[in-house]
Structure formats: structure tokens, C-alpha cells
Amino acid sequence: MFRSLHMKLVLIMVLLIISLMTVVGAFLMNAVVRYYLDDFNTRMSSMFSAQDLYEDLTSPYEGEENGVEGLQDVLRANMGELGVDGRTRYYFILDGTTGAYLAGSDDQLGQSLDKSPNVLRALATGEPATGSDITADFMDVAIPITRGEVPYIIQIYDNRQTVTELNSSIFMLIIQALIFGLICSVLLSFLLAKTMITPIERLTAGAKRVASGDFSRKLEVASKDEIGVLTATFNSMARQLQATIREAENERNKLDTLFLHMTDGVVAFSREGGVIQKNPAAEDMLGRRILPEDTYESLFGDLAPLDQILSLEQPSYQEAERTAGNRSLELLLAPFDQESGQGGVMVVIHDVTTQRRNEEMRREFVANVSHELRTPLTNIRSYAETLVDSAGDIPPAMEKNFLGVILNESDRMTHIVQDLLTLSRFDSGRSELKLERFSFSAAVRDIYNAVLMDAQRHGHTLTLEIAADVPDIVGDRDRVLQVMMNVVSNAIKYTPDDGQIAISAGRNPLRVWMEVSDNGIGIPETDRPRIFERFYRVDKARSRESGGTGLGLSIAKEIVDRHEGIIALVDRPGPGTTIRIELPIEGPAHGK
Ligand code: ADP
């Protein structure tokens, strides 16, 4: 209840007024008593030290029998000046040696009273005793006198009723003032609340809205005082905060999008090893989902301990490699945000599968080229050496034979180098297709006619079947013929004599196709995916024997790819091989 500023204000005002009134009342009442006491003492002292009264009191009448009566007379005569009224103030005549009550303005009271400290003092010293205790409920003076040689003590006794009545009036007055003050303080606090607390409450409500992210309303600046300035400052602060939050959100959205779509995988861990962030690429590369219960330990603990990465100095990082399924991954492990003490470890994953495969292929290619060139070179060199060493000693027929081998081998080398040059031209993009419209069926027929003799020499049965609707196509005729020739001659080469070779051609809605199938040695399942690779040969000896370089199908594939066509092995049951070529009718960029 007292937590609101308003209630606190009321409470403070009430306490202030109560304490003020209490202090003022206490002082006032004390001052009244003191004044009354002082006045009483002064008056009594001056009365009794006055010559007239003193003489009247101490001089007995002529022939006086009872001094007490004489004293009574004198005192009664002076009652007015002494203030003795029989209600609040009394006089008593006491025995001067024992202090016993003799007479007074009120016998009953006089007899019942104990000896006051002043009376005792006067009895002891014989001197007038004045001054009463402020806390006592009466005040008195005791004046010793002697009348007719008899000692008496005159006591003027005041029961302080007057001052008590005065004090109760003051008390009542103070209570009234207090009630009035309290009412005023409550009213004042309402006024204060209106002018000070209401704007503060409005400011508080505004601050709460801003804290909950609602920047839609601006606070009204109602005054130019400190609260007005505070409200204006608050408004500008809220504006700036909103701008900053928007900027930060924008940045975060950008980063989120980047994070989501980046090709590298990223996984961030807290210092304790829990997963904080991960992107789809990371899950894709690792080949598994990253779940909330996964930790650094379970995902990458085998590469390096978490503490070791956390202890690295930025910008150092640790590299590691791993394979996931058939992917080769390169991982960079680095600590982040070390200064705040909150950071953790970031793992960036690169998929280096293609890179590794390319490196591997390049190495293999160089080894293959060297090997392919070294074999004919070795042959040429050994035959040439033999010829040089045995110049004139060998029969001319053998010499001719040797020279024939040398010529053959150099032809083979030229062949290989030419094929390599063709491939290199394709690789560097220097080989442009010379596009023209030509008859696809005529091209197939030309190839059939060109190889017919060779096929017959091997006892093969070569058949040709071309559909009637095969249209003219756009392409590089010479290159297409090169592809067809390569496929058909492979069928002849890799089919033992007396085989069956069938060439057929037809069309799809957008493409033409040609298939060459044989019943030859076939290609084992494991080698099938690789026969379009450079220098890949199933049986090296057989291929070399028949003049193959292992580059024919890779060149064919390059050419068909350029035409945006397809060259592939067809899965057919039974022995032999079927190769299918598909080309877009309208040439590259029209075949899809
Ligand atoms: P090559 O010059 O050795 O013939 P290619 O690139 O033309 O090279 O062929 C690659 C390999 O594919 C060949 O060495 C051979 O092992 C295999 N091959 C190609 N065509 C056939 C086929 N019709 N039958 C069996 N094997 C084949």
C-alpha cells in the first residue's frame, strides 16, 4: 500500500505534521507551566518581601491572644493580591517548629496535605522557600515568620488547576490544528500528485510500453519543468532505441539469411559445449540432423578437445579433416568472443569433395599421360637402338619391320597428343562448335558405310535401322560424326570376331537418338560409371593393342555435353554393350 509515491508522500506529510504539532504542543505546554510557575514565584516573593505585608504578619495586635487568628486576618485581607481564591489557590498557616496545620483558607485540604518540600526546607533553614518542581502537580511557597515570638510558616498552595485547564485548551487546540493540518496535507498531496506524480506515472507507463517493445506512442510533453525535460528526453531516447533495435534486427536478419543460405556449414557451441547455432549446410555436409541434445563432444570431440580450442588465441584456429559418407570435409575450429567470457567455439565446415576428386584426377591424369607417352617412346628408342647397333647386319625385311614399328609407335604418340590437344581445347573453352543444320540420318548412314568393310573383315553382322521421321538437326557435323565413329569403332573393337552389331536411330519430341549395341565383351558393372573418364580403360592391354588411347569416350562426352545432349551406357540384359547418344534437334540451348 505504501509503495506508491502518492501514499509515501501522504505518509511523509502526515508524519511531518504530527511530529511538528507534537513538538510545538510539548514546547508550548511546557512554556505555559514554566511561565505560570515563574509568575507564581515572582509574585509570592515580591508580596512577602514587601514591607507592609511583612509587618502586618509579624506584628501582633495589641492584646492579641491567638497569633493564628491575627495571621488569618492579615492573609484574608490580602487574599486578592495573593491570588487566593479558595478554588485553585489556598493559604495555610503551619506551626513554625513542627509544620503542623493550624489554620487556612480550606481546613479540609490543609489537614490532608503532606508537608511539601518547600515547607520542609523552610522548617529546616528558617528561610523562605520558593520554587516548585515543574513535574509536580502543585506549586507552593513556604514563608517562615515569627508573630508574638511564636514561629509560624505561611504556605501559599496552588493546585495548578488553572495551568492544567490552560494546557488542556492548548492540547485541544493542537489536536484541532493537527486535524486541520492532516486534511490540508492530504489535499496538498493530491495536488502534488496531480502536478508531479501523474506525469511520473505516465512516464512509468511509457517506459513499460517501451520495455515490452511497443514504440508506437509518444509521450506528451505537458510542461517545461524538470519532468517535462525528462519526458522529452525519454521520447528521444525511445526514438533512438527504436532506431537501434531496427538496425540490429536488420543486421540480424541479414546474418540469419546469410547463415541459412551459405554453402559452408557452420555450427556454434557454448563454452559448455552445447549447440547454440547451426545451419542447414552443416547438417547436409555431416549427413545427419543436429539435435538440441547434441554437444561438441558428440559431434567433433574426436577432432580436438573443447578446452584446447577455447584456449587458442584469436585469430588462431585449428584445422581438421573428416569424411562423412562419400564427402571429404575440411573443418576449421576457432574460439569466438573470448573477451566477454561468454563466447564459445565455432566450427566451419567446407565440402572439399570436388576439390579432392579434381586433385586426384589431375594426379591420375598426369601419371596416365606420362605412362601413355613413355610406352611408345621406349619402344621407338629400343627399336631405333637395335637398328643403330646392328647397322647392315640385319636382314632388310626385319629392318623394314622395325622401322614399321617405329612409325606405328610415333603415329600412336601423335594420336595421343592430338586427342590431348582436343581435350585441352575443350577444357580451355577454345574449341568452338561450328553449328549448322545437317541430316542426322544421313550422318548415321555415312558412319555405317564407313565401318561396314572393317566390320565385315572381323566377320561381324552390322545392321542399320533408322526411323523414317528422323529430322535434320543443328550441330557441329564433324564433331557429331567423330562421336558416332568412336562409339561404333569401340563396338567393333570390343566384340570378338563374328559378333552382332546393331546401329539404330530415331527421335523424341525434342531430340534425336542413336544407339549402338553389340554382343561383345561388355563392360563390368564396377567399370561402367568410369568409362567416360580420361584414360580409363577396362582392359589396358586389349585397348592398346587395338590402337585405343582411353581418351575416345571422354572426348565424345565433351562434344555431346557441348551440344547439351546425353551419351550414356544403356542397361540391357544379356552380353555386350549398348551406348546411346541423344542430341537436341534445335542444337544447344534448345534441347530441354
Ligand atoms: P579406347 O581408346 O581405349 O577405346 P575409349 O574412351 O573409347 O578408349 O573407351 C574406354 C574404354 O571403355 C575402353 O578401353 C573399353 O575398355 C571400354 N569400352 C568402350 N566401348 C566398349 C564396348 N563397346 N564394349 C566393351 N568395352 C567398351
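1. Y157 is buried in this predicted model. Its relative accessibility is 10%, and the cut-off for buried is under 20%. Strand β4 (residues 150-158) carries Y157.

2. The structure holds nine aromatic pairs. One of them joins F92 and Y157, with 6.1 Å centre to centre and 50 degrees between the planes. That geometry is tilted. F92 sits in strand β1 (residues 89-95), 65 residues from Y157, so the pair links distant parts of the chain. F92 is buried because its relative accessibility is 1%.

3. Y157 also pairs with F138. Here the rings are stacked, at 5.2 Å centre to centre and 20 degrees between the planes. F138 lies in the loop between α6 (117-125) and β3 (139-147), so its pair with Y157 in strand β4 ties together parts that are 19 residues apart in sequence.

4. Which residues form one aromatic cluster? Y90, F92, Y101, F138 and Y157 do.

5. I179 counts as partly exposed because its relative accessibility is 47%.

6. A charge-ring contact involves R534 and F365. The charged end of R534 sits over the F365 ring, 6.0 Å from the ring centre.

Key
Residues are numbered from 1 along each chain as its sequence is written. This is a predicted model: local features need pLDDT of at least 70, side-chain atom pairs count only at pLDDT 80 or more; totals for chains, interfaces and linings use all residues. Side-chain values use heavy atoms; hydrogens and water are left out. Buried means under 20% relative accessible area, exposed over 50%, partly exposed in between (1.4 Å probe, protein chains only). Rings of Phe, Tyr and Trp (its six-membered ring) pair if their centres lie within 6.5 Å; planes under 30 degrees apart count as stacked, over 60 as edge-to-face and the rest as tilted. Helices (H or I, at least four residues) and strands (E, at least two) are DSSP runs, numbered from the N terminus. A charge sits over a ring if NZ of Lys or CZ of Arg is within 6 Å of the ring centre and within 35 degrees of the ring normal.
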